[in-house]
Amino acid sequence: MEKKGVMDGMQMWMIAMLAVSAVLIVRDMAKLIFTDRKKGKPVYDVYPQKERIERYARSFQRLAHTFYEMPDHQEQLTQTEVQTIFDGVKRELCQDCPGREICWGEKEYQTYQKVYRLLQVTEEGDPEKILRAQGDWIGECSQALRFTEILRRYFFEAREELLYRNRLIENRLAVAEQLNEVARLIQRISSDVSSISQAPEGMEEKIRRQMQKQYIVVKQVWVLSRPDEKWRIFITMRTRGGQCVTMREVARHLSQVCGCAMAPSRDSRAVLNSELRTVLFTEDVNYKVLYGVARVTKERETVSGDNYACACTDEQFVMCLSDGMGSGIEASRESEAVVELLEEFVTSGFSRETAARMVNSALVLQRGDGMFSSVDVCSLDLYTGICEFLKAGAATTFIRRSGWVETITSASLAAGLVQQLDFEKTSKKLYDGDYLVMVTDGVLDALPQEAQEETMKEIILQAQEEMPRELGRYILEKVLSYSNYRAMDDMTVLVAGMWKK
């Protein structure tokens, strides 16, 4: 209980540290963004505050590096720890034994070798070898049975201490990973904020005139510049005379000024009224996505261990699928935690890889008897059609194109098993009319063992359904026909179709 309290304390310390740091960062970000804006002045002098925010990032990175340099994971007991076990046994049992001078005096070297061998087989855990070693020791020691009992007790205490230290090391590495990811996020925010500038004078004037025709008063206009050269425009505005205008209508008029289709940010309000608002408008995307899911729970289970989430931001569409360890409510809780965290991180602006690493660190930190789940993420850029896949312990993903099917496979471990997890990453260009088909292991396991992927390809190619939900149901029904419509595991089929706008 005491050791568990120490680990819980470590986690609480990490959370508190990140929370305090976040407050400090938000404070400086607020100074950076809102200084002088009450007076209606644009902000130009961002660099002093930008440098301070970047110092926060460097501090996190240095602290993470300090954690990485601490002692690494220990697989076996050290020679010093083995010697401590021997000393404990001698002190507890051999101190008053008449044969002590012979065993630990005249025959000290031979005794050490035999006891060390007994300790080795105890660590290996092979019952036959342990019985054989104990039998050999009976002929050497007058208190052989008690000796081996005490030796085993000291060994298991030392091993428990070793496991505890390793668990602390895992937690320390998890903290380091979290610190690194927070540092990267701070650097990105700093870069974005420093890229905000006042709109060119001619453009701002055009926007003001265009909006004035619609009874909209524009106070300020800023432009966020990024390497992809897509328009991202912040407008602080309100309506006149009690008018109400939809944000889509505002975007339509803005499009006339920019010369391309613009759209309000997804998290903006739907209607503009007489209250002053700052709204982000982005260049409209080139693709739209529809998705659907088909799933069935393992026989004799009421809750599926599979969970999924789909989220759409201003620039990308993300699908997350996770298969929890085993089945039932415990597996469901594990996979649900994974997809909820992934969705939260991705929609908050984290990259998919950063989000996955943060989730993996969280699983390692809270893992008890063993908590791990597969991670399967598809992130589709709605401007370019490029889809990035990230997998950890996940089943094959299928892409249905015109007349053929492509596969994306993974051989990496599930999330939560090890701290520094290597995710399988792949990028593919998708085109108008392509479909993404994500499945959990239960789906492929129901197909003939020798040709699971090939069989799935045939099923997908034979499907005539065009709507993702109907396509998912068709695939699941065909897969179930191979197992006499009995689900031997949780089965989930997640399908997304992409079309040009």
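**Exercise 1.** How many cavities of 30 Å³ or more does a search of the whole structure find?

*Solution.* The model is predicted, so local features need pLDDT of at least 70 and side-chain atom pairs count only at pLDDT 80 or more, while totals for chains, interfaces and linings use all residues. Residues are numbered from 1 along each chain as its sequence is written, and side-chain values use heavy atoms, with hydrogens and water left out. A cavity is a set of points, on a 1 Å grid over the protein atoms alone, where a 1.4 Å probe fits but cannot get out. The search finds four cavities of 30 Å³ or more. The largest cavity has a volume of about 90 Å³, a volume being the space filled by probe spheres set on the points.

**Exercise 2.** Determine which helix gives the most to the lining of the largest cavity.

*Solution.* Lining residues have an atom within 4 Å of a point; among them are Cys94, Arg100, Trp104 and Phe147. Helices H3 (79-94) and H4 (100-106) each supply at least two lining residues. H4 gives the most, with three residues.

**Exercise 3.** Describe how helix H8 (residues 201-212) is placed.

*Solution.* First, list the buried residues (under 20% relative accessible area, 1.4 Å probe, protein chains only): Met203, Glu204, Ile207, Gln210 and Met211. They cover an arc of only 130° around the axis, which puts them on the same side of H8; the arc is that of the directions from the helix axis to the C-beta atoms. Next, examine the other side, where Glu201, Lys206 and Arg209 are exposed, that is, over 50%. Finally, identify the packing partners of the buried residues: strands S1 (196-198), S2 (216-224) and S3 (232-239), and helix H9 (247-258).

Conventions. Helices (H or I, at least four residues) and strands (E, at least two) are DSSP runs, numbered from the N terminus. The expected span of a helix is 1.5 Å times one less than its number of residues. Contact means heavy atoms within 4.5 Å. On a 1 Å grid over the protein atoms alone, a cavity is a set of points where a 1.4 Å probe fits but cannot get out, and a pocket is an open set with protein on both sides within 12 Å along at least five of seven lines; lining residues have an atom within 4 Å of a point.
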